[in-house]
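Welcome, and please have your viewer ready. We will go from one selection to the next and look at what is there.

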Amino acid sequence: MLVRPARSAPTSPPAATDAVSDFSTDVTTTELPTRTSTDDASDNAVESAPGTPVSVADVPPETPASPGPGPDRKTIRLRRPVLRRKPASPSGVGLVDALKVRNYRRYAIAQLCTSTCGWAARVAQDWLMLELTGSAALVGLTVAMQFSPMLLFGLFGGVLADRYDRRTILTITQSLFGVFTLALGILTLLGVVQPWHVLASAFLGGMAIVVDNPARQAFVHEIAGPRLLRRAISLNTSIFQLGALTGPAVAAGLIAAVGSGWAFVVNALACAVAAALIRSTRREEMFAAVVVRRAKGQLRAGLAHVAERPEILWACVLVGFVALTGVNMATVLTAYAAEVIDLGASGYGLLTSTLALGAITGALFAGRARRLRLRTLVAGAACLGLLQMLAALISSTVLFLVVLYAVGATCLLYLTRSNTLVQTSADPAMRGRVLSLYVLINMGGQAVSGLIIGWVCEWGGPHAGFAACAAGPLLGALVVGAILARRAHVRPVAHLRQRLAGGGLLGLVRLPATPGARGS
């Protein structure tokens with residue numbers, strides 16, 4: 001902030017303390033008005049010799065007066081202004097502050113509707129396939145059909161999200177989601193639905209996701225603005241992941257109460273509401289987006305941008321490990337409800353509700369981290385894997401629910417922070433392509449996860465399935481953590497004596513930057 005210049009009126013110059021108190025982080029040198037001893041006594045401001053201009057930024061702690069006799073010639077102390085960062089007001093940095101923006105508020109409501117009801121429809125698809133065929137492997141195939149289009153066309157979806165109007169893209173994709181799920185819901189209510197109908201609906205919805213997902217995430221930058229960007233990203237990711245974890249609970253309630261068909265109809269209505277809300281956002285209140293014109297090599301440029309940004313590259317690598325087995329828990333919970341609890345849809349609702357409650361808890365803390373680092377993501381992935389491994393070893397239903405609650409909170413915290421780090425690190429002109437790669441890795445991993453976890457559950461049971469869920473996060477934390485530690489020339493050490501004295505058990509020691517030291 002610039003220092004307020006002095007007024008020219010000689011009778012009542014403004015107090016210098018006003019200028020000093022307005023400092024935030026930037027300092028600009030300016031001339032202050034002539035000060036007298038009377039003024040100094042009255043407001044305790046910066047002192048100087050009569051008629052001498054003072055630079056606020058370069059004032060030394062002590063400035064001796066000019067040599068010479070006289071009572072006014074003395075050594076005076078000039079108070080150096082204290083440069084403090086202004087404390088941000090709660091209304092300016094809170095997660096909910098982004099909701100004060102009208103366009104973002106409408107978008108967030110649409111996001112909440114489609115995320116929750118969309119995931120409810122996906123779970124209803126899985127449950128419907130299980131009812132029609134009785135095969136957990138075909139349930140995994142349904143999940144794979146929904147996410148596999150990202151593996152084939154995901155990067156091209158990011159190019160389209162950078163090239164065309166994102167509000168129009170989202171309006172079209174939400175309308176398509178509604179049409180696909182409404183058709184499946186009508187077939188189910190009429191009692192003529194077949195397994196291939198479920199697979200076709202899952203694949204068509206996955207095709208719409210190819211463009212919808214990167215456009216939806218990049219659209220946040222246009223409606224929230226730079227000041228609220230990080231909080232809006234955290235809130236947006238929290239809403240999406242919260243819907244992914246609460247949607248199954250909604251689906252379980254609808255399936256138990258009225259059947260799978262009405263879950264599809266409810267999702268179709270939610271998509272219609274979301275399309276209308278997105279279309280109603282006001283263009284004149286949006287922030288200008290970077291226009292990317294059609295040109296050759298745009299896809300290669302996006303991949304090169306990811307490769308030269310370590311915080312994006314290793315976040316994408318880590319989320320690939322985590323998504324490979326650790327995020328998609330619908331398949332294993334379906335098998336757990338059917339074989340362990342043996343309560344059918346109501347037992348599945350109990351499990352998913354517990355997972356959703358943990359996700360709500362995680363959402364409350366998702367945006368509180370002031371600084372995100374790769375090591376934060378590594379620690380989050382390790383905690384998620386350890387909790388899932390613990391859940392696989394527990395036979396008590398009560399203890400399993402407690403651990404499942406912690407899994408939900410940890411999973412949402414990790415996914416939200418990972419997405420926030422990637423979005424805030426990407427160049428605005430590359431954001432759609434970077435997010436398309438991130439989403440491709442995330443959802444592509446979940447597509448493979450459906451097949452892996454479904455096969456393990458069918459041949460080894462639900463407990464083995466949960467152990468398989470833990471493999472990806474643990475392996476990712478080990479691999480990425482080891483690479484980052486090697487690049488930083490550090491290694492973990494144990495401090496047993498400090499632990500006995502109340503200190504930490506583990507610590508990091510920086511190794512000498514010599515080839516011999518690194519080899520040892």
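How many residues does helix α7 have, and how far does α7 reach from its first C-alpha to its last? Select residues 195–224: α7 has 30 residues and reaches 42 Å, close to the 44 Å expected at 1.5 Å a residue. That expected span is 1.5 Å times one less than the number of residues. Helices here are DSSP runs of H or I with at least four residues, numbered from the N terminus.

A word on what you are viewing: this is a predicted model, in which local features need pLDDT of at least 70 and side-chain atom pairs count only at pLDDT 80 or more, while totals for chains, interfaces and linings use all residues. Residues are numbered from 1 along each chain as its sequence is written, and side-chain values use heavy atoms, with hydrogens and water left out.

**Along α7**

Stay on α7 and centre on I209, where the helix bends by about 35 degrees. The bend is the angle between axes fitted to the seven residues ending at a residue and the seven starting there. Now colour α7 by accessibility: 24 of its 30 residues are buried (buried means under 20% relative accessible area, exposed over 50%, partly exposed in between, with a 1.4 Å probe and protein chains only).

**Into α16**

Next, select S436 in helix α16 (residues 431–460). Is S436 buried or exposed? S436 is buried, at a relative accessible area of 0%. Show its contacts (heavy atoms within 4.5 Å): leaving aside residues up to four places away in sequence, S436 touches M150, G154, L155, G158 and P214.

**Salt bridges**

A salt bridge here is a side-chain nitrogen of Lys or Arg within 4 Å of a carboxyl oxygen of Asp or Glu, and the count comes to seven. Begin with R433 and D162, whose closest N and O atoms are 2.9 Å apart. R433 belongs to α16 and D162 to helix α5 (residues 136–163), so this pair ties together parts 271 residues apart in sequence. Both R433 and D162 are buried.

Then pick R166 and E222, which meet in a salt bridge at 3.1 Å, N to O. Because R166 lies in helix α6 (residues 166–190) and E222 in α7, the pair ties together parts 56 residues apart in sequence. R166 counts as buried at 7% relative accessibility, and E222 does too at 9%.

For another stop, select E285 and R282, with closest N and O atoms 3.6 Å apart. E285 is partly exposed at 29%, and R282 is partly exposed at 32%. Finally, show D162, R166, E222 and R433 together: salt bridges that share partners join them into one network.

**Aromatic rings**

Rings of Phe, Tyr and Trp (its six-membered ring) pair if their centres lie within 6.5 Å; planes under 30 degrees apart count as stacked, over 60 as edge-to-face and the rest as tilted. The whole structure has four aromatic pairs. Y104 and Y107 form a tilted one, 6.0 Å centre to centre with 45 degrees between the planes. Both lie in helix α4 (residues 102–133), three residues apart, about one turn of the helix. Y104 is buried at 0%.

Jump to F400 and F466: their ring centres are 5.5 Å apart and their planes at 85 degrees, so the pair is edge-to-face.

Methods: Helices (H or I, at least four residues) and strands (E, at least two) are DSSP runs, numbered from the N terminus.
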